[in-house]
Each structure stands twice: as structure tokens, then as C-alpha cells.
Protein chains: 4
Amino acid sequence: MIIQLQPSIATADKEAIIAKSKALGYKTTEVKTQEHVYLVGIGKKEFDIRLLGHMAGIADIHRVSDDYKLVSRKWKVDRTHLDLGDGVIIGDGTLSIMAGPCSIENEAQVQQTIDHLVAQGVRIMRGGVFKPRSSPYAFRGLGVDGLKMWHTLARKAGMKIISEVMQVSQIAEMHDYVDVFQVGARNTQNFNLLDELGRVDKAVMIKRGISGTIEELLYSAEYVFAAGNEKLLLCERGIRTYERASRNTLDINAIPILKEKTHLPVIADPSHGIGIREYVEPVALAAVMAGADGVIYETHQKPEEAASDGQQTLDFKESEKLIRKLRKVYELRENF
Amino acid sequence: MIIQLQPSIATADKEAIIAKSKALGYKTTEVKTQEHVYLVGIGKKEFDIRLLGHMAGIADIHRVSDDYKLVSRKWKVDRTHLDLGDGVIIGDGTLSIMAGPCSIENEAQVQQTIDHLVAQGVRIMRGGVFKPRSSPYAFRGLGVDGLKMWHTLARKAGMKIISEVMQVSQIAEMHDYVDVFQVGARNTQNFNLLDELGRVDKAVMIKRGISGTIEELLYSAEYVFAAGNEKLLLCERGIRTYERASRNTLDINAIPILKEKTHLPVIADPSHGIGIREYVEPVALAAVMAGADGVIYETHQKPEEAASDGQQTLDFKESEKLIRKLRKVYELRENF
Amino acid sequence: MIIQLQPSIATADKEAIIAKSKALGYKTTEVKTQEHVYLVGIGKKEFDIRLLGHMAGIADIHRVSDDYKLVSRKWKVDRTHLDLGDGVIIGDGTLSIMAGPCSIENEAQVQQTIDHLVAQGVRIMRGGVFKPRSSPYAFRGLGVDGLKMWHTLARKAGMKIISEVMQVSQIAEMHDYVDVFQVGARNTQNFNLLDELGRVDKAVMIKRGISGTIEELLYSAEYVFAAGNEKLLLCERGIRTYERASRNTLDINAIPILKEKTHLPVIADPSHGIGIREYVEPVALAAVMAGADGVIYETHQKPEEAASDGQQTLDFKESEKLIRKLRKVYELRENF
Amino acid sequence: MIIQLQPSIATADKEAIIAKSKALGYKTTEVKTQEHVYLVGIGKKEFDIRLLGHMAGIADIHRVSDDYKLVSRKWKVDRTHLDLGDGVIIGDGTLSIMAGPCSIENEAQVQQTIDHLVAQGVRIMRGGVFKPRSSPYAFRGLGVDGLKMWHTLARKAGMKIISEVMQVSQIAEMHDYVDVFQVGARNTQNFNLLDELGRVDKAVMIKRGISGTIEELLYSAEYVFAAGNEKLLLCERGIRTYERASRNTLDINAIPILKEKTHLPVIADPSHGIGIREYVEPVALAAVMAGADGVIYETHQKPEEAASDGQQTLDFKESEKLIRKLRKVYELRENF
């Protein structure tokens, strides 16, 4: 059960609602986001929702049978869209394209990527400055200095930034230089990180865990929302299966299922989803056809020289072709 | 190594080629299909292919580094297309749509399905008469009598038939009444069945195993080809994963990978691939966008009353809408 | 619901029971095994079982809530044991050891294996004469001639034979020369084969499918039982997972779960379960400790020269050590 | 390549070794643990190790072909054992038993558990005070206050404490009250957490990821070691598969494989490994038989009232029986 409170609700009224909910068998959690105040009620008993609905200070009240509540589409029919400023919007009847290198490497690389994206009308650039690597001896990214350099160049070009945050202490360091915090597949269930991102006034994109279920992804989003941040995106990036012909198995099914279950925008990552450069295009197009609100993929001026993930990275010519096709697919999908 | 022989090759010449191959470290298997005669050479040594190439009776010779040979695209650049007669062709720059019920139930059902498909210009009807069922107490299909009834009605309407064969003894029983034999996901590695289907002059569609790899699917096709039948189709129908929100996980990656690795047509089965009626459409469209040569899906006049698989079966209205969209997606894909 | 009928039941009495069951909402299937006659009732309604229990001709009646019925332990508290003759019994408070090569290769190999097993007091020898191989160009086994040769040598030594049957037509060919038919992991859901093995008077060991569930394995056994053959064994042989450090993942959990759910003996196959020779021993010992009634593993006089599966095959010295330890583990388990 | 340096090595000598390694094509990382100083060399070229071996300041030098280095058994033949003080040692020819509740709940519970364990001669108690929960609305543990209470009671009884740390900031908070930090399955690849635990003078047990590979587990341990902490334990706790009859699939194969690949002790967690109370015992016994150095399992005075994981928790009577059997199995294994 989700009870949306009026912004001006009196404390006594709120307490009365909490007490009444308790009497009806529901434990409530107060959720204050930057936009609204909610009481999320967890309980099992069926009751006539009107017993609560008439109480003072309630703006709206919904039954939500899903175990995740705030991210469920059962109470919020209007789909969430995120406004990153400067006319860059995710999820509102537009196709979001986010592209860039796996790792931020140097100024020349960043500028070349920005030039490529600007020429294609792409407004969001991806790139890693903190890289999660299986081996402690591998390249771990340029860190915050790299991010600042990138941010300076990106702002000049009106480009928005999405970049992975790996731990709580990085949130503050990165905060002023990113537009979207990305939670990587190895951190999908890093609940402390999710909690902290709930206290941030920036958008957060959560990637599905390496072998995470769709339900777990929704629960992870619920963590961020319940801690106060409604600006959420979900990302399908492939799951781990027994198949060895591809790096991961992009779960195309997850796209329409997520679109049905949540009001949050759904992004697909074909680069990690298949992991092989020559197949990124068909998988990206398929994901949009299946209903994705956007794609995030890796591109680099010279993939064979990239510091990481070169084998799944498009060069700019391939990227240009992909962007052109993505837009045609999206247009067809919206105009069937 | 694949050596295509001239049809008129003299026995002595053939023996000379076999002997020479052996001397070069290659064990050869003679493959006589209804169309050509090949020697498939298995070995490891590198050698100058011209040592063989000049010999009498050789039409063509190819190195194939894949472990599967005859189904590899490495020697056959032209994609295979199958002519089912009456202008029904699979894989030749057309989108193949195969639809129909999970199980053939009765004459009325068959006729209504045919009427629906004819109205949509669909020429291939699917349906099961032998049903593989986990439980021995479940409905196992109408058998050959059902197939004969279906065949009579289908022929009147110019409709082709694809139906699953479960064991060797059914091949002869079904032969005159089907246009395409389907090998189900539980029989992908039923090697005796594959061998026997290699001796048949009808097309064969092999479904990927329930947790089969892409490579295993290609090997299974190699069995049929090596036993003499080149009329082959492959079908991606979803794999078994840990995810419980869908029945199977349609492996969208498999579609471009198969199209790269083999010259055989690739069909997608979104009904089994996701297993939930309301999501069949987006998954089907995505599969075509990813490069599938066709789709096979379940439709029934009243899905909620279907003898099996009703939960993943479209009604005729949904089917009609899907067909319309599929064609638009295919048209876009072919004209990017 | 399982109704065990008296052997001498009158036809009219049986019909009365079927009619009464139907009136109570149950569809019955008559199952005649070589040992008993049952009516298996499938239905959903709860009713007082005494409404049937008093009827003439009923020997016993049980409610079984599992979807599989005859193989469930819910109606048969006594565990099944199989008597192969000559004092060789499986599942009756003894540890069954079955060992031998992956493939039967020649007389010398068979004789050496028999000598090794006899010296260790092992009474059941495994070996393949029909080999399921992914590639059509690989060694497919010696066939029935190899089996006959093996049978002659085995009988002289009092050795029982277990060997894989791959298709219906092989059942008759193999029948006189095997003591246990093995159904391989690729045929676990070859329902026609299971049906036919239900009509045979020999024991049948069903291996779990390559990615089969525990429940599917029980259903496959139900097929054989329902077709008339109660002489059944189940085999855990590892499942397919994402892990690449081993060939398969032996599901140790499956052993106690199967022992709880069914009255049939449970055998473990550590050779396929891990697929690496040096680790076969610890996995075999663990499986017995977890409750297995026996193990089946691969041994060969010279594993590095074996026609197939050499990488997971023990030499005779390793085999001897394993046997000795297996018996100690079993003794401990039975005497905690 | 691992170069163990003499503790007293001169800076100039160290620099000379680094320079020479670089000239030979190896990038070195200096690793200072609380016990030794190493240079870990990453490179591909083969060279005569004696070219380095004679240099001043080198204590020992080893080639390690594995991609993980410091945790590999290729350079350290002696197995690691951890001394927790007061005669509590892990991994040195003794069986380590760690037991206790999923969550620390209150003083009475802790005291009862301690009494139970003391009576059985168990010296390490497990318990969670920070609980990772899929849902933000679930019980998340008593936090550091609970840990302090537990620590007070445990110290009186000479009991050691293992407890999960979920984020970097908790390390300092927990440090004085735990003997072993546990890294949970959702944090196996939380590389920042691993880095920080490398700077701690307490033992660390790393659980395998929910769908982590054996290799990834070894890499995660390499992180901690490379950051300075050699006091490491690994834990197999089941992986996520398609099977639904158990919560996870305990990978019994992983135990002998890990024992072969690393010098670190290997612990098994049968509670999470199967997730069903009645089957914890056979799986625990099997894990020890397969070579585990210890087990960690959940026990509670009243499992049905436990705050979390009750369905997989043993009561004290079951726990007592398990401990008795575990010791017999271990004794048999060590004395075959």
C-alpha cells in the first residue's frame, strides 16, 4: 500500500494515519523524496482502502500487490521521465542514446568522442573513471581527475555525463561532475550504496546484476526510491548463462516485462549484452524494437587500442550507422 | 575441409582423392545428399589445398576451420533457401511466418486457423499431433489421424504444414502429410532421429535444446546434413536460465551469431521464448529486427480453451496485429 | 491417488472403481507392471478416501499430492531395491559400484576391466556400445557386436552389464545382453524411448537431463513405471551451469532431495559430474556421504588412450583406491 | 611471477629488481602484507627465472602461470592456516566448525547459542548484525550495538566471532568486535571493500558470488592479499542455477578444485548451499568428505521463530547431531 501525503500535512494527521494503518495490520515506512512524501505500508491483511482514504492529509492512496511498491506501475500509471536539464530528457517519448568509451583515457579521446556524438545529435556520454576489474593488477581508471577533465569538455559541448560509482565515498567526489550515477552489475545489491544514492539529487541508473533477477533489480530500485530519490533508470545488460558464444546473454524478455512492471525508464546495454563488436548493432536494434527507452553502448575512436573492452566497442563509423538505424527503429515502433 | 565432387566422378578418382587426403592426415566421410556429393575431411594438419584441388572429379574444395563443416558459412557464402513448393520459400529475402495452435485438436479448430492464416497471407501452419509432455498422464496429441485430417484441410487452402516428429518410427507415418519435420527442444541431440531425418526428402527444422549451446545446435544440423539432407532450418526458442519471470529466456544474441556462422535460415519462436502471451509480440518483433528469417508462434481461436500452452498463445486478433507489424519490421530491416 | 488392485480383481469390480473415481472427479489410468496392477488417479478434488477404499478388489489406496505418483515416496514407504540375479542387488542396504570404460573398445580392454573389477569385488560393469556424440564424425561405438563380445566375457566372470540405449530399435537388439538399460542425459525426455522401456523386463537407469530439473527426472521415471516397469534407478550426473572450471556441476543437493521424494535408488556419476580425472574421487565420496545408493564411474586400463572421455577416466590403481574409500564412507554413513 | 623480498632489502636493490623485471617484459606491483613483502610481476614473456633469481634482496622467486598470483598454490605449497588466538586455528589439520544464527537478535538468543556451542566444543560463532536484504522494508539487523553485546558474551566464553561486513565504513566500527570479517555473496566483487579489508589485521572470509565463478572468487581473494592481508578464507555457499527444488546449488566440485588451486582454507556453507533445513546435514557431511577445511551453518534455539532464514536453520539438537557426524567424517577423511 502506498499513501501519498499532502506536502502540508500536519504531524498529528500523519501520526493518525500511521496508527490507523497499524491497527489495520500494516507497518508503515515514511519515504520523503525530493518530490513527494509517502507512507509505504507493508502488510498482508485485506481491508477496505476507504477506511484510510478519507483521513486528513492524504493526497492519494493505492493498493500495490507487488512486493516492491514505489517502483511498481500498479500505483503510478504515468511513466517516469527524467529531465537532465538543457532539454535532455530520458523516457518521455524520446529515444535516449548514451555512448562513449568503456574507460575515460585522456583529453584527446574525450574530445574526439564528444565531437562524434555532437555531430550525431547525441546528448549523453558514457565513460568509466572508476573501473571494477576482476584482477587487482588491471587498469582501474583515471579516477576523479579524469572525471573533472571530462566534465569540463562535456559542459562546453552541452553534453551530459553518465558514469559508474563504485562506493559510497565516491558519491561526494563525483557529485558535481556527473548527471547520472551508474550502479554497475557487481553493485546491484550493494544496499549501502543504494541507500546513499537515495539521498542524492542526481539521477541514478541501476544495471541488472550479473545473474540478477528482474525482481531483484526492481527491489534495488526500491531501495533508492525508499531512501528519497525518484530519479531512477533501469538497465538490462545481459545475464550470465552457460552459453559461451557470447559474453553475456542479453535478456530481451526483460525489456517488455520491466516496462509492464515498473513506471521507470528501461535502457538496454548491447555492448555488455553480447560482448562482441560485430553483433552489437542487431542486438541494440532488437532491444529498442522490444520497447527499450534507450540504449547505452561503447564507442571509441580506435577500439583496438581502447584501454578496456575493445572487443565490444564500436568505432565512430559503426556508431554513426547504429544511431541512424536506432532512430528509424524507434520511429517505426512509435508509429505502428 | 569440404570437397564437393562432380556428380559424374569415376570411382577410381574418388578413391584417389580419399587416399591422398589420408596421406595428408585427413579422415574423410562421404556425404551424399539429394543435391550433391561431398567428402568431409576431418584432420588437423595444415597443408596446401592445391595439392588436392587439381585432382580429377573435384568440383570445389574449401577449408573450414569450424568443427562443424557442412552447415558452416565458411564454405557456402550463398545462404540456403528452402522451396516448399507452390511458391512457398523460406529464407530467400522473404519473411517466413509460421503460426497455429500448440496442439491440433479437431476439424473446426484447424479450419478456423487456416481461415485466419489465409486471410493474412500466411502460408505455413504449425501444430502438434505428437506432444512431448513431462507427465505421462497429460494429453499427448491426436497422432497421425489428426495429422491426416489437418493435411486434407490444409491442402485445400494451399497451406504448408510443419509438425514435430518425436521418434524414428513416426517419420514414415508422418512423411506424406508434412512439409517440414520439426525436431523439438528435447530431441535436439536425439542423434538417431537426426540420422534418419537425413535420409528424408523433406525439410527439417531443428529447435535449439532446452539448454543447448549454439554450437550444439549447429552440430545437430551437421548430423542431418551429413546423413544426406540439406533442407535445414534452425530455430531459437529460448534457453533455460535461473530467471523465473519468464518461461524461457529467448537468446536474442543467438540470432546474429547463427546468421554469421551458418548458411541455414534462422527462425525465432517467441511463444516458447518468453512463454507469456502479452509479451509475445515485442519479442517476436525484436527477433526479426535482430535478423531472423522468420518466426513461428502459437495462435488459437480461444487461447483460454486450448488443449495446451494457452498461456502463451495469441488469439486471432493479436495474431493479425503481430503479422502486420512483423512485416513492417522486416521491411525496415531490409531497407535501412 | 494410487489404487493398488488385487491381482485377481474381477473386471466388473475394476470398472466400478473407475466409474466411482470418475464420479469423484478423478481420471484414472490403469498401470500394469510386471509386479502389480494400479489405477493412477489424476484429479484435484479433495474427498474422503474411504469412499473408494471399501470397494471390492482394492488391495491398497494412497493419496499422493505430488504431480508424479508411482515414483513418489508418499505412497511407498519401503524403498525399492532391484535384484539383478546372482546375488547382485541395488539399493538394499548395500553400496552399488558400477565401473568401466566410457566406450567398449575391444576384447582385451573388456577382459582387463573385468579382471580389475572382479579383483575388487565389483559386480556391475558399465560401458558404451552406442555413443551419443555431438559431432557426426566422432567415434560412435562398436554397436551390438561389441555388446555381444562384452556379454560373453562378462557372463563368464559373473559380471552384470549396464549400457546406454539410445533409441527404441536398439531395445530389442540389446535386450538379451544387458542387465540394466541406461537412458542417457540427452534422452531423459525422449518420451517414446521411456514408454518402450516400460514394456521391458530389465532394470532401467535414467540419468538426469543435461539441464533437467529434479522434478523432470521424476516425471521421466513415472513414464517408465506407468508403462509397466517398476525396476528403476535414477542417476545424478551433473547439470550444466555457467561455471567453466568443471565439465558439469554435480548437484549434490539432488541426492538427499531425491532420496526424500522417491522410493527409487539414487546413483551418482562423479565422472561426468565434474569431468576431471583428479577430482573424481572426492566428488564420488561426497555423493555417497550425501546418501547415494551407489556410484557409476569411468575406468580404463590406460585413460590417456581411451577412445572417449579419457580426461575424466580413472586408471585401475585410482579405481582400486576409490573403491576402498567408497566402502569406508558407506560403512560410516550406515553406522553413524 | 612472485618475487618474495627479504625484509631488510635496500631500496636500491628493490629498484634494480623492478627495473630488471621491466626490461624482461614484466610490470611489477609491490605488495606489503603484515607478514612479507612481494613483487608481483604481470607479463607474458617466457624467460630464464635465474636472470632475476640471483639479485640482491630476493628471498624467493616463483613462476605462477595462473592469472591470480598470490593466492595460487603454484608458489606456496604449504597451505595457509589462520591463528585466531586462544588456540583457535583454521585450516591446520583441524576441522573448523562455525555456527550460529542468521541474525543476532537479543542477549538471550546469543547466550543460548554460546552455551550450545561451548557444550559441543565449537569455538567460532557466526551471526549477522548488518543484513543484506533484497527488500528495503525487511529487518536489516541490530547493527554495531548488537555486535558489542554479542562480543561481550562471546569473550566470556572464549568464543570467536565471524560476522558480515557490508561496506567500507563498517570496517572500523566492527573491527574491535570481530575475529573474522565475512564478505557476503553480494559483495564478492565489491572491489573497494576488498581493497580496504586488505589493510586490516583481521582474518577475512570471502563468500563466492551468487553466480560467481571459482576464478572470480580467487581474484577477489587476490585483491585482499595484494592490498596487504594474507589472512584469508574462501567459502563455497552455493550458486544460482535453474533448479528450483533448492535455494541454491552447492557446487561440491568447487571444493576439491579450490583446494588444488589455492593454498587458502576452504569453508562450505550448507545452509545457504541448499537452503532447506532437513537437507543441511547430508550436504554438510558431503562437503567435508569432498575436502572442506570447515563448515559454517545456521542454528537457532527456535528456528521457526528466527528473525531471518529460519527455513534453513537447524535447532540445537540437529546441530549437535551434525557436529558429532562432521567430526567422524573428518576423522575418516584424514585417516583413509
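## Two domains in chain A

Let's start inside a single chain. The domain assignment of chain A, whose bounds come from an automatic or database source, gives domain 1 (2-62) and domain 2 (82-334). Their C-alpha centres lie 36 Å apart. Seven residues of domain 1 of chain A and nine residues of domain 2 of chain A make the contact, where contact means heavy atoms within 4.5 Å. Between them, the two domains of chain A bury about 600 Å², with 42% of it on carbon and sulfur atoms. Buried area here is the accessible area (1.4 Å probe) that two parts lose on being put together, summed over both.

How many salt bridges link domain 1 of chain A and domain 2 of chain A? The count is zero. A salt bridge needs a side-chain nitrogen of Lys or Arg within 4 Å of a carboxyl oxygen of Asp or Glu.

## How the model was made and read

This is a predicted model, in which local features need pLDDT of at least 70 and side-chain atom pairs count only at pLDDT 80 or more, while totals for chains, interfaces and linings use all residues; side-chain values use heavy atoms, with hydrogens and water left out. Residues are numbered from 1 along each chain as its sequence is written, and chains are lettered from A and ligands numbered from 1 in the order in which they are written.

The pLDDT is the predictor's confidence in each residue, from 0 to 100. Chain A averages 94, and 100% of its residues score at least 70. For the model, ipTM is 0.94 and pTM is 0.94.

## What the record says

UniProt lists residues 83-330 of chain A as "domain: DAHP synthetase I/KDSA", in an unreviewed entry. Its positions are given in the numbering used here, feature names are shortened, and annotations may be inferred rather than shown by experiment. The span is 38% helix and 15% strand, and its end C-alpha atoms lie 20 Å apart. Helices (H or I, at least four residues) and strands (E, at least two) are DSSP runs, numbered from the N terminus.

About 2900 Å² is buried between chain D and chain A, and carbon and sulfur atoms give 49% of it. Four salt bridges cross this interface. E216(D) forms a salt bridge with R240(A), with the closest N and O atoms 2.5 Å apart.

## Chain D meets chain C

Here 38 residues of chain D are in contact with 38 residues of chain C. The buried area is about 3100 Å², of which carbon and sulfur atoms give 71%. In chain D, Y242(D), N253(D) and F336(D) lose the most area to chain C, together 22% of what that side buries. Two salt bridges are counted between chain D and chain C. E243(D) and R208(C) meet through their side chains in a salt bridge (2.7 Å, N to O).
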